[in-house]
Amino acid sequence: MTEKPSLAEAPAPDSGAGAPASLHQYASTYGYSAAGTEGNLVREPVRGERRGGQGWIIVAGLVLPALLLVAWFLISALGLVPEYRLPAPQSVWLAAVEFAENGTLATHIAISTQRVLLGFAAGSILGLALGALVGLSKWGSAFLSPTIGAFRAVPSLAWVPLLVLYIGINEDSKVTLIAIGALFPVYTTVAGALRHVDPHLVELGRAYGLGRLQLLTQVQLPAVVPSIVSGLRLALAQAWLFLVAAELIASSMGLGFLLVDSQNNGRVDRLFLTIILLGILGKTTDALIGLLEKYLLKRWS
Amino acid sequence: MSTASTSPSATLSQPSSSAGALGVRLSGVGRTFDSKVVLRDVDLDIAAGEIVALIGASGCGKSTLLRQISGLDQPSTGRITIDGSPVAGIDLRCSVGFQEPRLLPWRSLEHNTELGLPRGTAKGEGRERVRELLRLVGLGHASGLRPRQVSGGMAQRASLARALARRPGVLVLDEPFGALDALTRLQMQDLLLDVHSAEPTTIILVTHDVDEALYLADRVVLLGADPQAPADGATIRSITVVPGARPRDRGDATLAHLRVELLDGLGVSAHHSS
């Protein structure tokens, strides 16, 4: 291995093709392949190990909610806090069953989810486009980023009166508000990531004759895939936030409406139910994006 | 070695003749960055198929010169021609190898190597070519791995395969082995010589390692500024023709002598004296 064997010592071609030593043999003769390098491969952890670890983590994550539930149950069972302030877990459950049976729960959840997804989709697509423009082009950045920054600085709820005045109290104004909320996280992460794509890789692409468009599709976009996903994740959280804001202010359906309605009727049990539902829905959609993120990180980094 | 070096090329799909290698001419090349002269009056004729090593102190403009040959940078003065026609912009007759492998982390070694193929290569042909090159650099078994799964030496070999993919007339290498450990570096030097025999091309290589320069190159070009007038910028201080056919004996006495001379030219005394 340390010494180059002369050709006479090189192994005879195994294919029997009669040709002089093939390139492969040529290379391995000098110890570049198999023996010399295979030991250097960094092995990824075995699948089973990872699975086992994950199961443990899920259980650990469920411990605190279970404890909270028990504490909640005890507090209300012992009458430490009056029922009209803190409903018992079972009354919240009953409220859920009642809602589920007459079908209103499904309607509220469906309409809210639909608003979130529409607003999230519209906002992220626009955020992606603006982020790409600002992140890739010096001119685009100089021209657009101060203005976008100013819009971003406006507290998003400040748009509500204007949206209501312009669009009215309907689906469009709610979806628009959610889109505004989802736009900025995507815009910021994408623009930042594209601006900071490893200049070495960009130069490499140039040196190998990639044009602007090829550079974008083959180097820059793949390089920012992980950032895009984390931007999307933030945007989704924002979308839920803005959903409730939009529904609290003016709506006749949805989880935000349910909050106001329950408050007005003094139904603390329904209030609790809605808050718990928002937590579960938000966490579920976040977990779905998390799965996507995990897959993409494995694929693209 | 001569028999060994001709046989591999016979198995390449398009046996490249030495006509693949192209000559490079630099005349009066200079480069000024913000009124600071980095390079001046560089005149150098590099024959097709020659291996030339550029050495010099850090910041003397070696890498700048390489970047200019490949078209990544433009000279402020003078001109550079490859095969008689001037270099204007990124020149695809040239392939560049960097100190870092610069592999795209989301692509396998195989797909990284594909990036070096000329545009419009037919799919099957390109795949075959990539497979041959990976075998040539000893990565036939690792073509499906991602860059983060392989060692630095393997990554650098993949980047060499990528640089060779388009059968460049000129291969410019900017400290290609500088980041590797000493043993891997020696192996890579031998690999580069094998590659040079299998795929004839002109090689211009920047290195910090005088031994590497003497082991690989036909000529060693020492760049540096005049000690009397360092602000004038660096130019060619000496050109050393390295005697002996390759592969050379790393312990050759003549080379040891040249080594002392070159180190001296770099301002390093071969013997430490206080």
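Analyst: Accessible areas come from the Shrake-Rupley method with a 1.4 Å probe, and for residues only the protein chains shown count as cover. In this predicted model, local features need pLDDT of at least 70 and side-chain atom pairs count only at pLDDT 80 or more, whereas totals for chains, interfaces and linings use all residues. Residues are numbered from 1 along each chain as its sequence is written, chains are lettered from A in the order in which they are written, and side-chain values use heavy atoms, without hydrogens and water. For chain B, the accessible surface comes to about 11,100 Å², with 52% of it belonging to carbon and sulfur atoms.

User: What percentage of the residues of chain B count as buried?

Analyst: Buried means under 20% relative accessible area, exposed over 50%, and partly exposed in between (1.4 Å probe, protein chains only). By that cut-off, 53% of the 274 residues of chain B are buried.

User: Is A:S262 buried or exposed?

Analyst: A:S262 counts as buried because its relative accessibility is 3%. Contact means heavy atoms within 4.5 Å, and, not counting residues up to four places away in sequence, A:S262 touches A:R267, A:R270 and A:L271.

User: Is A:L78 buried or exposed?

Analyst: A:L78 has 63% relative accessibility and therefore counts as exposed.

User: Which residues does B:V24 contact beyond its neighbours within four places in sequence?

Analyst: In soluble globular proteins, nonpolar side chains tend to be buried together. Here, B:V24 is in contact with B:L44, B:D45, B:I46, B:I69, B:I80, B:T81, B:I82, B:V170 and B:I204, leaving aside those neighbours.
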